[in-house]
Amino acid sequence: MHLFLELATLAAFLLLLGHALFHRGGEGLWFFGALFYLGVVRENFVQLVRYLYDFAPLTLSLGIAPLIAAIIWGLSLYVALDCAEILTGRTFWSHRLPSLSLLAAVGLFMVLLPGFYEPFLEAVGMAKWEEGTRRSFGVPWIALVGYPTLTLPFLVAWSWAARQPGSTRPSPPRRRLARLALALTPLALLHAWGLQALKSVLGW
């Protein structure tokens, strides 16, 4: 069962990568590359320091993190963005800061998403949160904070990295790559550390 879910998640990720490439062109490929990097760095850090949750022994991995953990962020964020664009009628342009209405719609989607993911992952025995984690209806309270607080800063950081300062034109590839690494690496690490700290302070 676990291997099937791992492969299904990978297939969905690749399918959405194809969707992004078809509908957004090269920007879609850049976008998914950034999401992939963010997920890999964050989940390897979580496993390294043993923050928040752990996973059952799984077949596919990237570094010390399960593959499914690293790519589910990109899959989820892309679906949230696509749905938000349809809902608001606004398009996310890589080299422009996203509108507040689009950010709000994406954030709402990501707040609702744990209601599906978390009970399902627990039911199939793939993931387990720390002992004593506060929950309602199978959803950890901290997950309701964690999903949107990684997503929204990512979109802003992506837009910052993708545009040239003082211009609406896209940033050159080398500069964009450097800016993405500069922005996304601390975002991935600080997000995991901040959630763990907040969880401890609030007793969640």
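The 15 positive and 10 negative charges of the chain have mean positions 14 Å apart. Lys and Arg count as positive and Asp and Glu as negative, while His and the chain ends are not counted; each charge is placed at NZ of Lys, CZ of Arg, CG of Asp or CD of Glu. The model is predicted, with local features requiring pLDDT of at least 70 and side-chain atom pairs pLDDT 80 or more, whereas totals for chains, interfaces and linings use all residues. Residues are numbered from 1 along each chain as its sequence is written, and side-chain values use heavy atoms, without hydrogens and water.

Seven helices and six strands form the secondary structure of the chain. These are DSSP runs (helices H or I, at least four residues; strands E, at least two), numbered from the N terminus. Their order along the sequence is α-α-β-β-β-α-α-α-β-β-β-α-α.

Along the principal axes, the C-alpha atoms of the chain fill a box of roughly 50 × 35 × 35 Å. Of the 204 residues in the chain, 45% are buried, that is, under 20% relative accessible area with a 1.4 Å probe, protein chains only. Contacts are heavy atoms within 4.5 Å; among those between residues at least 6 apart in sequence, 68% join residues at least 24 apart.

Helix α3 comprises 22 residues, 67-88. From its first C-alpha to its last, α3 reaches 32 Å, close to the 32 Å expected at 1.5 Å a residue, the expected span being 1.5 Å times one less than the number of residues. Just after α3, Gly 89 adopts a positive phi of about 75 degrees.

Technical notes: Buried means under 20% relative accessible area, exposed over 50%, partly exposed in between (1.4 Å probe, protein chains only).
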